[in-house]
Amino acid sequence: MGQDRLEPPPWDERVALAATGGDADLARELLVILTNGLADDLARITQLFQAADWSALAGTTHHLRGATSYCGVPALDGALQDLERAAIIGNRDFRLGISHAIDRETINDVVYLGQGGVSQGVETSGSTLTGTG
């Protein structure tokens, strides 16, 4: 039997109250502010996604997650966290940085007992790494 994954609730009053120091009026006010801006936020996120502007998408979702952290909306926060991570990974500079950070020599020594060759991938025109293909 497979286990059902528990989904977070759309709104969690306990989380909202904890984030606002128990101030129910402030928790409600922050939630109203968040919900009033969600249509514009979603439009911006959609625009950035369609433009494949991963850096701006990561920044926008990160900023919005700052707001969600005070509102007790774990389902939305989780979805934004997933989108932020995907945008970071989709960012060419991030992928290049990770590629350069990989210690290929140690991997060769440990995994392949020194039998492999150490190399750095090179971008080519039309590759997915360059974002042009």
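Student: In this predicted model, is D25 buried or exposed?
Tutor: Happy to start there. The cut-off for exposed is over 50% relative accessible area. D25 has a relative accessible area of 56%, so the residue counts as exposed.

Student: Which residue forms a salt bridge with D25?
Tutor: Look along helix α2, which covers residues 24-50. An α-helix has 3.6 residues a turn, so residues three or four places apart point the same way. With the closest N and O atoms 2.6 Å apart, the salt-bridge partner of D25 is R28.

Student: How many residues apart in sequence are the parts that R65 and D77 tie together?
Tutor: These two form a salt bridge, with 3.1 Å between the closest N and O atoms. R65 belongs to helix α3 (residues 54-68) and D77 to helix α4, so the pair links parts separated in sequence by 12 residues.

Student: Which residue joins R65 and D77 in one network?
Tutor: Good follow-up! D77 is buried, at 19% relative accessible area. Salt bridges that share partners connect R65 and D77 with a further residue, and that residue is E84.

Student: Within what arc do the buried residues of α4 fall?
Tutor: Helix α4 spans residues 74-90, and its buried residues are D77, L80, E84, A87 and G90. Viewed down the helix axis, they line one face of α4, because they fall within an arc of 145°.

Student: What area does the nonpolar surface patch with I88 have?
Tutor: I88 is also part of helix α4. At 31% relative accessibility, I88 counts as partly exposed. Together with I89 and F94, I88 makes a nonpolar surface patch of about 240 Å².

Student: Which geometry does the pair of F49 and W54 have?
Tutor: The structure holds 1 aromatic pair. The ring centres of F49 and W54 are 5.8 Å apart, and their planes stand at 75°. Planes over 60 degrees apart meet the cut-off, so the F49 and W54 pair is edge-to-face.

Student: How accessible is each of those two residues, F49 and W54?
Tutor: Both fall in the range between buried, under 20%, and exposed, over 50%. F49 is partly exposed at 47%, and W54 is partly exposed at 26%.

Student: To finish, what pattern does the protein chain follow along the sequence?
Tutor: The protein chain has 6 helices and 0 strands. Read along the sequence, its pattern is α-α-α-α-α-α.

How values were computed:
Residues are numbered from 1 along each chain as its sequence is written. This is a predicted model: local features need pLDDT of at least 70, side-chain atom pairs count only at pLDDT 80 or more; totals for chains, interfaces and linings use all residues. Side-chain values use heavy atoms; hydrogens and water are left out. Helices (H or I, at least four residues) and strands (E, at least two) are DSSP runs, numbered from the N terminus. The expected span of a helix is 1.5 Å times one less than its number of residues. Buried means under 20% relative accessible area, exposed over 50%, partly exposed in between (1.4 Å probe, protein chains only). The arc is that of the directions from the helix axis to the C-beta atoms. Rings of Phe, Tyr and Trp (its six-membered ring) pair if their centres lie within 6.5 Å; planes under 30 degrees apart count as stacked, over 60 as edge-to-face and the rest as tilted. Patches are made of residues with over 30% relative accessible area and no salt bridge: like charges are joined within 9 Å, nonpolar side chains (Val, Leu, Ile, Met, Phe, Trp, Tyr) within 5 Å. Accessible areas come from the Shrake-Rupley method with a 1.4 Å probe; for residues, only the protein chains shown count as cover. A salt bridge is a side-chain nitrogen of Lys or Arg within 4 Å of a carboxyl oxygen of Asp or Glu.
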